[in-house]
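Subject: Structure handover

Hello,

Please find the structure below, followed by notes on what was found in it.

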Amino acid sequence: MRLRPRHHQLLRFAALGVIVASLTYAIGRAGTRVDVTAEGLSRLSAATEKLIRGIDKKRPVMVHAFISDKVPTEYVATRARLLNVLHEMDQAGGSGLRVRIVRPTAGSKAADEAIDDFGIKPRSVVNRSGGQIGKMDVFMGLAFVSGPH
Amino acid sequence: MTKAIGIDFGVVHAVFRKDFGGYLSNPTGYVFLTLFIGATAAAAFVRDEFFTRNLADLGLLNQVMPYILAFFVSALTMTAWADEARAGTDELLLTLPVRDSEVILGKYLGALAMYSIALLFSITHVIVLAYLGDPDPGLMASTYFGYWLMGALLVAIGLLASIVSTNPTSAFVLSVLAVAGLVFANSAGAGIVGGVGFGLAGALLWLVIRGDAKGAVWAGLIAGGVPLVLWALGVWSGFGDLLGSIALEDHFRSFGTGVVRLADLLYFAGGTVLALYLGVLLLGRRHW
């Protein structure tokens, strides 16, 4: 079959798609990144990075993070920082470390899993919002599991 | 005329000036600017969580920015080709001794410039944050860079939709659906998104190879239906992961936390180039 100009264009488009997809994947695996925040909000410490690099791929680490969606104002910054660090660990970990973030609510299956499987219990903390003081059950626990899955 | 990589930038500039001038000389352009700033401000500040979070960032806006852009960018680009068809200038434009790529690039840059202006005005949100707290300058810069990159990709997709359909309403709907596909690629409905994506790819392949629109519909149905069935039966377990890797939100998230990843930059830049190239390919279908 004689190739027409539109066939050439389609081939070029497909080749471009393959180049973009493979470059994005390869560079994503390499983890080239820069934290541009003044306080290094998403920066992992050198010791953590070394620890992650040293994980034996045959015994991958799975991080189960149980973090409530809603937390009192005092814990918002801590929660945001924790989530940032977990995402960074997930990106830096490759196949040696995976992070699973679960957002349990009171009485949910995820809450049962946190309590029954990992012993992570919700903490009742003071919640001051809307001019009222009350209690709020908050999950903010991590479980590290290692070994072949 | 300035020529590089086979593109006459004099032509690109002329098309850009015409389109960009069109946006600014039309009241719709100013309505777009106002509504965009209003909608983003409402998403960022007019929510209870903004004060309970007590963080000087745009985290709440980041959660909904893809949805806001899906509508606003589609509204911006839906008339890109419809206006030409209505004024009868499309045939004139496409019969002039200019390349399709130059026309597409000029139109793209016109729409992108309009979006960039809207984004520039929305920097007032940072001023509000600076008044209320102490936002991290690096975090603000990376967040806005992410908004711009995401908008750049969506403008290219919107332009593609307006090439496929010169009816503004159809172009708007097509563009919103395409963006929704990217937004929901990592959700529970990923199989449907993937099925539609594979279907469109199959239809495009048939259309370009055979030049037959009727057969393309069947090719699209088969190409989309097979992976959809395999996914529904649980045979193709990696289908969800494959689609998740193209999800818009996943590639934007890092920008919103002050981290610029090279892979995310490539995703947005590469996706934009791909959408524009596909636009050139489809615009050339009148010669098939």
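How many Å separate the centres of domain 1 of chain B and domain 2 of chain B, taken over C-alpha atoms? The two centres are 26 Å apart. Domain 1 of chain B covers 3-183 + 261-287, and domain 2 covers 187-246; these bounds come from an automatic or database domain assignment.

Some ground rules. This is a predicted model, in which local features need pLDDT of at least 70 and side-chain atom pairs count only at pLDDT 80 or more, while totals for chains, interfaces and linings use all residues. Residues are numbered from 1 along each chain as its sequence is written, and chains are lettered from A and ligands numbered from 1 in the order in which they are written.

Confidence: pLDDT is the predictor's confidence in each residue, from 0 to 100. Chain B averages 87, and 97% of its residues score at least 70. For the model, ipTM is 0.80 and pTM is 0.85. Where pLDDT is low, the predicted coordinates should not be read in detail.

Chain A: there are four helices and six strands, in the order α-β-α-β-α-β-α-β-β-β from the N terminus. Helices (H or I, at least four residues) and strands (E, at least two) are DSSP runs, numbered from the N terminus. Chain A is more spread out than a compact globule, because its radius of gyration is 22 Å, well over the 15 Å that the globule rule gives for 149 residues. That radius is taken over C-alpha atoms, and the rule is 2.2 Å times the number of residues to the power 0.38. The C-alpha trace of chain A spans about 75 × 40 × 35 Å along its principal axes. Of the 149 residues, 14% count as buried, that is, with 20 or more other C-beta atoms, placed from the backbone, within 10 Å of their own.

The contact between the chains: 28 residues come from chain A and 29 residues from chain B. Two residues are in contact if their C-beta atoms, placed from the backbone, lie within 7 Å. On the side of chain A that touches chain B, two or more residues each come from helix H1 (5-30), strand E1 (33-35) and helix H3 (73-93). H1(A) gives the most, with twelve residues.

E1(A) also pairs with strand E3 (residues 259-261) of chain B, in the antiparallel sense over three bridges; pairing requires that DSSP finds at least two bridges. In this pairing, A:Val34 stands opposite B:Val260.

Regards

Methods: A residue is buried if 20 or more other C-beta atoms lie within 10 Å of its own, exposed if 12 or fewer, and partly exposed in between; C-beta atoms are placed from the backbone.
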